[in-house]
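Subject: Structure handover

Hello,

Here is the structure you will be working with. Please open it next to this email and follow along.

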Amino acid sequence: MKIGIDIDGVILDYEAKLRVYAEMYDVLELKGKGIINKNSDLFQEAYGWSDEQNKYFMDNYFEKLSQDIPVLPGAKEVIYYLKKCGHELVIISARGTSLPNMINLAKNILDKNEFVFDKYIWKQKDKLKACVEEKVDYMIDDNSTTCERLSNNKIKTIYFKSVATRDLEKNEYLKQVTNWGEIYRFFKEMEKENE
């Protein structure tokens, strides 16, 4: 099986770190009122920031916060298990779209933690296109909009939901999880069914 895996918010706990600093930036520097659009996965839309405010946040926080991001609990073990089972693992990430150095920062953390993937696809704003071209059997992602779009286009999707993101309506192409233990259980049960 070919499994596509996002990095931020799925392997690395970057999204949680960004949310903390987005909130602090909104309070300390913008004197904002907090999130005004809970259904958006984009900070600019969620907080109602102008293009200039969003650019400032990206320029002053994104790279700095990418240093030494912790790996989510269980990610290393479950990814090792999936690899051991013979699955092809492909990183499909938007990293590098606006800040090219974000790719190297991610690669360094993945290398440091001894992750091994079969392929890396960076700068993917349109993950549907990448999943179709790669013929992935499953895509694991934490972005609710991406997961909704993938599952609506009949790509089997595992939505790695955090506390701060919205629930999605389940369908035959969408599985919602909150941690790597649930992903392990999902693939282990699938393995049993195929014995």
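One definition comes first: a residue is buried under 20% relative accessible area, exposed over 50%, and partly exposed in between. Please also keep in mind that this is a predicted model.

**Salt bridges**

How many salt bridges does a search of the whole structure find? The search gives 12. Here are some of them, taken helix by helix.

Start with Lys129. Its relative accessible area is 49%, so Lys129 is partly exposed. Its partner in a salt bridge is Glu133, and the closest N and O atoms are 3.9 Å apart. Glu133 has 56% relative accessibility, so Glu133 counts as exposed. Both residues belong to helix α6, which covers residues 127-134. Lys129 and Glu133 are four residues apart there, about one turn of the helix.

Next, go to helix α3, residues 51-65. Asp59 and Lys55 join their side chains in a salt bridge, at 2.6 Å from N to O. They are four residues apart in α3, so about one helical turn separates them. Is Asp59 buried, partly exposed or exposed? Asp59 has a relative accessible area of 43%, so the answer is partly exposed.

Now look at helix α8, residues 180-193. Lys188 and Glu191 form a salt bridge there, with 3.8 Å between the closest N and O atoms. These two are three residues apart, again about one turn of the helix. Lys188 is partly exposed, at a relative accessible area of 27%. Glu191 is partly exposed too, at 30%. Elsewhere, salt bridges with shared partners link Lys2, Glu88, Lys119 and Glu134 into one network.

**Helix packing**

Two packed helices are described by the angle between their axes and the distance between the axes. Here are two pairs.

Take α6 with helix α7, residues 144-152. Their axes are 9 Å apart, and the packing angle is about 45 degrees. The two helices are therefore oblique to each other. The crossing of α6 and α7 is right-handed. Which residues make the contact? From α6 come Lys127, Leu128 and Cys131. From α7 come Thr146, Arg149 and Leu150. By class, the contact of α6 with α7 has three nonpolar residues, one polar and two charged.

The second pair is α8 with helix α4, residues 75-84. Their axes come within 9 Å and cross at roughly 20 degrees. The contact of α4 with α8 has nine nonpolar residues, no polar ones and two charged ones.

**One last residue**

Finally, find Lys64 in helix α3. Is Lys64 buried or exposed? Lys64 has a relative accessible area of 55%, so Lys64 is exposed. Then find Met102. Lys64 and Met102 are 38 residues apart in sequence. In space, they are 9.9 Å apart, C-alpha to C-alpha.

Best wishes

Technical notes:
Residues numbered from 1 in each chain as written. Predicted model: local features only at pLDDT ≥ 70, side-chain atom pairs only at ≥ 80, totals over all residues. Heavy atoms only, no water. Salt bridge = Lys/Arg side-chain N within 4 Å of Asp/Glu carboxyl O. Buried < 20%, exposed > 50% of the residue type's maximum accessible area, 1.4 Å probe, protein only. Axes fitted to C-alpha atoms, helices over the stretch in contact; angles between N-to-C directions. Parallel < 35°, antiparallel > 145°, perpendicular 65-115°, else oblique. Left-handed = near helix turned anticlockwise from the far one by under 90°. Contact = heavy atoms within 4.5 Å. Nonpolar A, V, L, I, M, F, W, Y, C, P; charged D, E, K, R; others polar.
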